[in-house]
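Trainee: Could you take me through one part of this structure slowly? I would like to look closely at a single residue and then at what lies around it.

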Amino acid sequence: MRKLATVGFVLILMLVFSLQADNFFNLRNFSELSFNAAFLGLLALGLSFVMIGGGIDLSAGGIVCVVAILCSRFSFLGTPGIVVVVFGVVCGAFFGLCNGLLVSRAGLTEFVTTLATGILYQGLGLLFAFRDTGKLSGTLVSMGITNKSYLALGGRFSALFGARGALKDFHLMTVIWIVLAVAMYFVLRRTNFGLRTYAIGSHPKAAEMSGVDIRRVKTIGFVICGAFAGLASAFLVANMSAANASLGSGYEFQAIAACVVGGIALGGGKGDAVCALIGSVFLVTILNGLYKFNIPTYWSYILQGVIIIVATVFDASFASFARRLRERRADRASGEEAMRL
Amino acid sequence: MTALNLEKSAPLPSDVESRAGQTMLTAMGICKQFNGIAVLTDAGLDVRYGEVHALMGENGAGKSTIIKIITGVYQKDAGAIFIDGQPVEINSRQDARNCGISVIYQELSLVPALTVAENIFLGQEPGRYGVTARQEMRARVRALAERYGFQIDPDAVVDSLGMAQRQMVEILKALSVDARLIIMDEPTSSLSNAESERLFETIDALRRSDVAILYISHRLEEVYRLSDRLTVMRGGEVVGVLQKDEINPKTVTTMMIGREIHYADARTEKKLFEDNVLEVSHLSCGKLLRDVSFKAYGGEILGIGGLVGSGRTELVKCIYGALRRSGGSVTLGGAPVSKSIRKNIRAGFGFVPEDRRVEGFIPAQSIGRNIAIASHDRLSKAGFMNAAAENRWVEDAIKNYDIRPKDRNYRVANLSGGNQQKVVLGRWLAREPGVLLLDEPTVGVDVGVRAEVYEYIRYLASRGSIIIMVSSDLHELTRVPDRILVMYGGGFFHQFTRQTATQTAILLAASGEHPEEGEALV
Amino acid sequence: MKIRQFIGGAWGQRVAILVIICAVMAVFERQFFTAANAASVLFTISVYGTMACGMLFVVLLGGLDLSVGSMAGVAACIVARLVQDSGYTAEGVIGGMLVAFAVCVAVGVVQGMCVTYLKMPSFVVTLSFKYILYGAAPLITGGSFIYYQGNAVAENPVQRFVYSIGSARPFGVPLPIIIFVFFVVAALVVVTKTTYGRRLYAIGGNDTASALVGIRVRRDTIVAYIASSFCAAVAGVVLSSINMQAGQTTGNNYEGSVLMAMIVGGINLAGGEGDVAGAVFGALFVGLITNMMTLLSISPDFQKFAQGAIILAAVCINAYSGRRAGRVKLATAPAGK
């Protein structure tokens with residue numbers, strides 16, 4: 001229901017944009033749109049694990065930043081592109097692990113901790129960015145990537161495998177994103193870990209009484225979140241063929257907005273990977289549309305903030321409406337039963 | 001159509017020989033002390049396969065302690081436990097589970113977002129490589145349900161189920177780990193009548209399948225309806241085991257109460273202040289409180305009895321304004337009582353809640369702040385606190401109500417339970433409220449403090465205040481109030497005066513049986 | 001004995017930390033003890049400190065206001081725009097400030113209502129508003145920075161007024177410091193002397209119990225968000241007047257520093273514990289650290305790293321000492337049933 005509503009909204013938006021802006025409905029724009037959606041989508045996908053588990057992670061932007069720098073430096077060693085990407089994922093997972101351990105083992109508040117680590121990781125990215133100066137000062141330089149096989153991974157399909165069919169204009173990351181979204185849907189819905197993630201998000205006490213190790217599930221959630229941010233960052237750098245340390249700020253907010261719009265509730269226990277996917281498409285479509293209408297970018301900030309609040313209000317009122325409906329139905333049922341008895 | 005249904009003709013498990021009547025669990029000579037205070041002295045139980053064994057006793061009789069020992073939450077100091085005739089040591093919940101003992105918790109332990117099958121197997125999901133074998137899970141739930149005669153949709157989301165159905169899921173969850181003894185602690189306290197009836201059918205089905213059931217309840221009628229045998233506890237001991245044909249209300253309540261204690265310290269003369277009158281008429285609050293009317297006068301201590309869920313807490317909260325009234329009216333001295341707590345406090349109301357830790361005090365704050373918090377209207381001018389007045393006010397309260405340590409800057413979190421209660425009580429007593437509403441004012445408070453609390457209450461009443469006191473402590477109810485109203489099913493059921501009230505009679509009335517003493521209201 | 005207690009206590013540690021920072025600076029950087037630098041440090045402290053005084057209210061309730069930076073930016077932009085549009089008249093200056101404060105108070109009301117009536121987590125609401133306000137700033141300025149025309153200062157007294165918030169020195173003390181001190185005193189009075197202050201602590205410590213003693217929790221919560229927004233607005237006007245400019249990035253990301261001040265000042269983010277002195281200490285600390293890193297020519301971007309590390313360390317220390325206090329509490333509390 002909720003998903004269909006969002007998808008419907010996306011389609012209406014696309015229709016409106018296509019009719020109103022002449023440069024919206026074309027393959028080039030869709031390829032660009034899908035790339036942006038994929039980047040945000042990967043972040044949201046990782047974040048969905050934390051959010052379904054009842055948590056929040058504000059460090060995604062920081063992880064994107066530091067992994068971008070690490071990947072670009074790593075690529076100078078001349079390693080194959082795929083190794084760089086794997087390296088990025090591992091780095092991201094490591095930073096996620098740090099978050100997870102701080103939150104679950106040291107017992108710190110999640111949003112303050114990840115807010116701090118987010119700033120910390122961004123700073124760490126800067127630290128790695130100053131290559132040879134040896135001094136913690138000076139201005140930042142973008143590092144141009146020269147590693148060919150790495151750069152190819154950020155490009156379109158046609159660049160990788162030659163021109164082939166309808167997919168050729170889309171990016172590798174887009175395809176990977178969709179594959180992973182489907183995979184994560186199954187991880188969340190069909191594995192023991194997924195089950196336990198929902199359990200700790202929906203009713204942690206009951207989960208604990210059933211023998212679920214909450215701290216472990218939480219930590220793994222953060223690791224997955226970090227790994228996805230790392231993956232997204234590795235592809236982004238390859239696509240932009242340069243990394244700089246100002247990358248990544250604000251992405252954590254976009255990712256949260258995407259999840260919330262898609263229907264992953266802030267309290268936890270609701271939504272799934274498809275929600276994250278739809279939410280990212282929604283957000284990116286709107287941002288893209290604004291861009292096509294030549295609406296100044298600052299509107300996008302306003303819109304994102306408003307979207308989070310509106311989506312939360314909508315979900316809350318919808319949930320209370322559904323509950324009332326259910327109670328009324330239960331009342332009627334028990335009333336009938338009482339009459340029979 | 002509901003997700004869970006019961007088939008009347010449950011097939012007995014054919015592969016197992018019937019063990020009905022054999023003893024499942026025997027506990028004997030169980031002793032337990034907390035901080036040198038004996039809670040259990042020589043308690044024992046024996047529960048057989050295929051029987052519903054009821055366990056009854058007043059609050060503090062030691063029921064929950066013995067259950068916690070059997071389920072491994074507490075360790076016993078002395079005594080022995082046998083399962084199927086073999087001696088066992090139960091040192092943890094896991095041990096209890098391994099012995100086939102499961103508890104259905106009062107506060108349900110199900111995850112609302114998951115399905116029935118997922119909930120049943122959460123924490124021990126079947127499947128390889130971490131992939132949940134959902135088909136197997138469903139099949140096992142179906143098999144289990146069939147074996148015990150439930151009809152069940154394993155894919156129903158728990159959030160969409162009613163309370164009775166959730167309890168059935170809990171039972172299935174227990175059965176899924178081969179529970180042979182299921183302990184139910186007040187399972188009907190949050191159920192409607194129709195839902196309770198469903199639960200009883202479930203219990204009947206379990207009994208037919210040779211599961212042993214230990215059933216703890218305060219509700220006599222349920223116990224008569226369900227149980228095959230009944231153990232009564234009082235003061236940490238077992239006072240008797242009744243067979244089915246021996247169970248009747250009079251015997252059970254008499255055994256639970258033991259010797260009636262009559263209190264000599266009771267106030268004999270009382271003066272009513274007719275101008276201070278609280279009149280409640282046709283007060284309702286959703287389904288919890290139905291059409292309640294009464295009058296209380298200044299100088300009177302009114303006791304409200306009844307079981308948990310009978311509407312007694314809702315009654316005082318509704319009067320105070322902490323719960324929204326859905327109908328009826330309340331007046332104090334002729335003037336309507338507001339729905340705003342703030343205005344009511346100014347009009348002379350005070351309220352001591354049941355759970356002082358959650359609703360009463362502010363743990364991180366000092367004694368002084370906790371006492372003054374309800375009296376800002378008297379201790380401030382134009383929004384500014386009058387520090388001198390505040391300190392005097394607090395020091396007086398600490399002295400008058402003997403709060404220890406006598407340090408107004410001491411954190412309330414670090415006080416003993418009795419002193420914490422005195423802080424919450426003192427907050428109101430200092431104001432000399434015209435109406436003081438007390439919900440279980442002496443729960444978790446030691447004997448000495450209890451006597452002090454009664455003294456303060458009586459003093460306040462003698463000065464013309466109306467005291468309304470909710471309590472489950474039968475001794476307290478017969479000892480302190482001038483008049484006792486017993487609630488049952490959201491309304492008043494029976495009324496006693498100080499002279500007619502006995503503990504047995506109150507207990508009977510709270511369980512929905514009109515005793516000979518007092519006056520029936522329904 | 002007294003001295004040992006002082007050094008061992010929270011205040012001793014706080015003063016010691018500040019002294020150590022100053023000592024380190026004295027050794028490594030001669031510029032630190034110059035008058036110009038002192039003014040710069042004090043300006044930074046007063047901007048952060050003013051914001052911290054307001055955010056303290058929200059944090060005492062157990063909330064968090066991540067929108068203070070953007071709020072300051074918006075207030076600065078509104079004042080700058082109206083002052084400029086009015087051609088630097090007195091009406092423009094006064095009207096600009098009134099409009100700016102009114103807008104920020106209104107936003108505070110909306111934030112408070114989101115938290116109380118919609119029961120949204122505080123940080124989500126304020127984070128959303130951080131971006132909404134950040135996006136709104138260019139709407140006000142028309143997309144670019146507005147610069148106060150400093151070269152005409154001497155001729156136009158009204159113009160001088162705008163300029164003078166940052167540079168006037170009544171009695172030899174820079175005006176931003178006076179404003180900061182004013183807000184510290186105001187916050188101190190509200191928190192310690194008024195019933196509202198008592199209620200703040202009560203709600204932060206136990207909101208259920210507070211409601212049952214007749215405290216209007218929702219109303220008081222909304223007021224706290226108003227206070228936070230208002231202080232942020234004042235800080236924003238001061239900031240823009242110090243820098244003689246206002247734009248989208250005015251005050252951007254200041255909430256990180258203010259949050260750091262809160263945490264370093266020992267204010268419990270769960271609510272109910274903390275005081276104005278802690279917030280002031282936090283602001284002093286943040287101001288000094290920022291200045292230290294600037295003087296040591298550490299890149300402003302890299303300062304982020306330090307900021308994150310300090311917040312994290314302080315959170316860990318607070319949690320650790322809180323847990324130790326909790327353990328003591330458990331040990332001394334008489335065992336119940």
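Mentor: Happy to! Let us begin with a term: helices here are DSSP runs of H or I with at least four residues, numbered from the N terminus. Please keep in mind that this is a predicted model.

Now find Ser48(A), which sits in helix α2, covering residues 27-52 of chain A. Is Ser48(A) buried or exposed? Buried means under 20% relative accessible area, and Ser48(A) has 0% relative accessibility, so it counts as buried. Next, look at the side chain of Ser48(A): one of its polar atoms lies 2.5 Å from the backbone oxygen of Leu45(A). Setting aside neighbours within four places in sequence, Ser48(A) is in contact with Leu188(A), Cys259(A), Ile264(A) and Ala276(A).

Let us step back to the chain around this residue. Chain A has 14 helices and two strands, and 55% of its 341 residues are buried. Of the contacts in chain A between residues at least 6 apart in sequence, 78% join residues at least 24 apart.

A charged pair gives you another example within chain A. Side chains of opposite charge can pair when their charged atoms come close. Lys218(A) and Glu110(A) form a salt bridge, at 3.2 Å from N to O.

Another salt bridge takes us out of chain A. Arg196(A) pairs with Glu125(B), with the closest N and O atoms 2.6 Å apart. Arg196(A) is in helix α9 (residues 192-202) of chain A, while Glu125(B) is in the loop between α3 (116-121) and α4 (134-148) of chain B, so this pair joins two chains. Arg196(A) counts as partly exposed because its relative accessibility is 22%, whereas Glu125(B), at 9% relative accessible area, is buried.

Finally, turn to where chain A meets chain C. Here 38 residues of chain C are in contact with 39 residues of chain A. The area buried between these chains is about 3,300 Å², with carbon and sulfur atoms giving 84% of it. How many salt bridges does the rule find across the interface of chain C and chain A? It finds zero. On the side of chain C that touches chain A, the residues divide into 28 nonpolar, seven polar and three charged.

Key: Residues are numbered from 1 along each chain as its sequence is written. Chains are lettered from A and ligands numbered from 1 in the order in which they are written. This is a predicted model: local features need pLDDT of at least 70, side-chain atom pairs count only at pLDDT 80 or more; totals for chains, interfaces and linings use all residues. Side-chain values use heavy atoms; hydrogens and water are left out. Buried means under 20% relative accessible area, exposed over 50%, partly exposed in between (1.4 Å probe, protein chains only). Contact means heavy atoms within 4.5 Å. Buried area is the accessible area (1.4 Å probe) that two parts lose on being put together, summed over both. A salt bridge is a side-chain nitrogen of Lys or Arg within 4 Å of a carboxyl oxygen of Asp or Glu. Ala, Val, Leu, Ile, Met, Phe, Trp, Tyr, Cys and Pro count as nonpolar, Asp, Glu, Lys and Arg as charged, and the others, Gly among them, as polar. A polar contact is a pair of N or O atoms within 3.5 Å; within protein, one must be able to donate a hydrogen and the other to accept it, and residues adjacent in sequence count only if both atoms are side-chain atoms.
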